[in-house]
Amino acid sequence: MNKKSLLTVIFLTIAVFFARPACAASQEVPSASFLEPQVPEKANAHEDELYSAAKDALDDGEYDNAIKQFDEVAKLHGRKADGALYWKAYALNKAGNKAQALTTIGELRKSYPRSNWLRDAAALEQEMRGAVNPENISDDELKLLAIQSLMNSDPEKAVPLLEKIIQGNYSSKLKDKALFVLSQSGSEKAQQILMGLAKANNQPDLQKRAIRYMGMNGNGRNRAVLKEIYNSSTDISVKKTVFQAWLMCGCKDDVAALARTEKNPELRREAIRYLGMMGGRAELLEFYKNSPDKETRLEAVGAMLLCGCGHELAEIVQTEKDPEILDKAINTLGLVGGQESLTALTNLYGSQAGLSAKKKVINALFLHGAGKEMVALARKETNPELKRELIQKMSLMSSPEITEYMMEILNK
């Protein structure tokens with residue numbers, strides 16, 4: 001064996017010798033990258049389980065059990081430790097142990113000075129110390145948190161305080177939040193205050209906010225009040241706000257009834273648009289068929305886009321004689337999408353003799369993104385102007401069929 005071959009053998013032997021233990025070790029001992037993620041995952045799962053059980057106990061009124069479980073979570077010093085301290089203080093207060101609850105809040109402040117729970121804790125502390133009075137708290141957010149906390153324990157005391165904020169010299173943002181809290185209360189007094197604000201017109205911005213919040217609870221009484229406000233107001237902006245409230249409570253019948261009787265063209269169009277947003281397919285078709293004025297019929301056709309009335313529009317484009325309404329229906333059909341719309345448009349292109357109508361269909365197919373169908377029409381089209389229109393629109397689109405067709409044109 002020559003010297004070069006001997007050196008090669010020695011080198012390979014050494015390489016194999018040192019490689020073997022590494023391979024064995026890698027098979028017997030899991031790598032650090034394999035082990036490390038599992039430790040926090042297990043810890044997080046355990047923490048989540050404890051936290052969830054503690055919340056369940058709190059919700060069930062088992063305060064002593066909740067206190068113990070939240071304390072266990074806090075001792076883990078994990079992701080939910082600060083929240084656990086807040087809820088421990090809350091449970092202690094509910095159990096009648098205010099002194100220990102205040103101590104727990106102090107612990108939360110000391111251990112987690114940047115916690116998102118500090119505001120809630122401060123509100124809870126204000127409630128426990130009996131200082132829930134808007135004049136006694138300088139921080140607007142804290143003021144409202146304190147009243148929200150009081151709403152849970154003593155709504156009769158909280159409602160007048162909310163009214164005081166709403167009617168007082170406070171920021172618009174704080175007033176809006178107070179109004180929202182008031183609207184969520186099941187208290188009869190709270191609802192009476194909300195209705196009074198919605199009816200009053202001396203503070204327009206506040207009135208509109210109250211009207212919208214009334215729409216969040218579409219019970220019979222609120223619906224009657226909203227109708228009363230609409231009928232009694234002479235302010236169009238207030239009437240439009242009532243439409244927003246009706247949308248929030250899904251009061252489609254109220255909007256449809258009003259659209260049939262409203263004399264103001266602007267408000268009638270507004271009602272029809274809202275019917276589209278509320279899915280009033282049958283109502284829109286009724287307005288299209290039965291309204292004597294073109295403006296209302298145009299508005300009904302346009303609103304069909306909002307509720308995806310492909311079937312209704314497909315019928316309209318086959319029968320409509322007014323060119324303006326037909327154009328509107330064709331464009332809207334292109335925007336609606338769906339196979340039924342596509343079929344209606346291609347059928348319409350074949351049945352329409354007018355150049356203008358065919359161009360409208362081409363534009364609608366373009367809006368629909370119907371490249372395959374446009375290629376099929378272009379292959380059969382003999383009118384140079386329409387063929388050019390189809391190719392021009394297709395040049396702005398992308399599909400395998402269009403690419404193939406364009407290559408055919410270039411290769412001719």
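At 47% relative accessibility, Arg79 counts as partly exposed, a class that lies between buried (under 20% relative accessible area) and exposed (over 50%), judged with a 1.4 Å probe and the protein chains only. The model is a predicted one, in which local features need pLDDT of at least 70 and side-chain atom pairs count only at pLDDT 80 or more, whereas totals for chains, interfaces and linings use all residues. Residues are numbered from 1 along each chain as its sequence is written, and side-chain values use heavy atoms, with hydrogens and water left out.

Arg79 forms a salt bridge with Glu47, their closest N and O atoms lying 3.5 Å apart; the term stands for a side-chain nitrogen of Lys or Arg within 4 Å of a carboxyl oxygen of Asp or Glu. Because Arg79 sits in the loop between α4 (63-75) and α5 (81-94) while Glu47 belongs to helix α3, the pair ties together parts that are 32 residues apart in sequence. Helices here are DSSP runs of H or I with at least four residues, strands are runs of E with at least two, and both are numbered from the N terminus.

Glu47 itself is buried, with a relative accessible area of 2%. Leaving aside neighbours within four places in sequence, Glu47 is in contact with Val73, Leu76, Gly78, Arg79, Lys80 and Ala81, where contact means heavy atoms within 4.5 Å.

## Overall architecture

The protein holds 25 helices and 0 strands, and of its 412 residues, 41% count as buried. Among the contacts between residues at least 6 apart in sequence, 53% join residues at least 24 apart. The protein exposes about 22300 Å², of which carbon and sulfur atoms supply 53%; accessible areas come from the Shrake-Rupley method with a 1.4 Å probe, and for residues only the protein chains shown count as cover.

## Further salt bridges

In total, the structure holds 22 salt bridges. In one of them, the side chains of Glu125 and Arg109 meet at 2.5 Å, N to O. This pair links distant parts of the chain, with Glu125 in helix α7 (residues 118-128) and Arg109 in helix α6 (residues 98-111), 16 residues apart. Glu125 is buried, having a relative accessible area of 14%, while Arg109, at 35%, is partly exposed.

Another salt bridge joins Arg273 to Glu270, with the closest N and O atoms 2.6 Å apart. Both residues belong to helix α16 (residues 265-277), and because they are 3 residues apart they are separated by about one helical turn. Arg273 counts as partly exposed at 30% relative accessibility, and Glu270 is buried, with a relative accessible area of 10%.

## Leu306 and helix α19

Leu306 is found in the loop between α18 and α19 and is partly exposed, with a relative accessible area of 48%. Although Leu306 and Arg273 are 33 residues apart in sequence, their C-alpha atoms are 8.1 Å apart in space. Not counting residues up to four places away in sequence, Leu306 touches Arg273, Gly276 and Met277.

Within helix α19 (residues 310-319), the buried residues are Gly310, Glu312, Leu313, Ala314, Ile316 and Val317. These buried residues of α19 pack against α17 (281-290), α18 (294-303), α20 (323-336) and α21 (339-351).

## Surface patches

Asp56, Asp59, Asp60 and Glu62 form a negative surface patch. Patches are made of residues with over 30% relative accessible area and no salt bridge, like charges being joined within 9 Å and nonpolar side chains (Val, Leu, Ile, Met, Phe, Trp, Tyr) within 5 Å. Asp and Glu count as negative and Lys and Arg as positive, while His and the chain ends are not counted; the place of a charge is taken as CG of Asp, CD of Glu, NZ of Lys or CZ of Arg. Asp59 is found in helix α3 (residues 38-59), and at 59% relative accessibility it counts as exposed.

A nonpolar surface patch of about 270 Å² is made by Phe180, Met216 and Met248. Of these, Met248 lies in helix α14 (residues 236-249) and, at 44% relative accessibility, counts as partly exposed.
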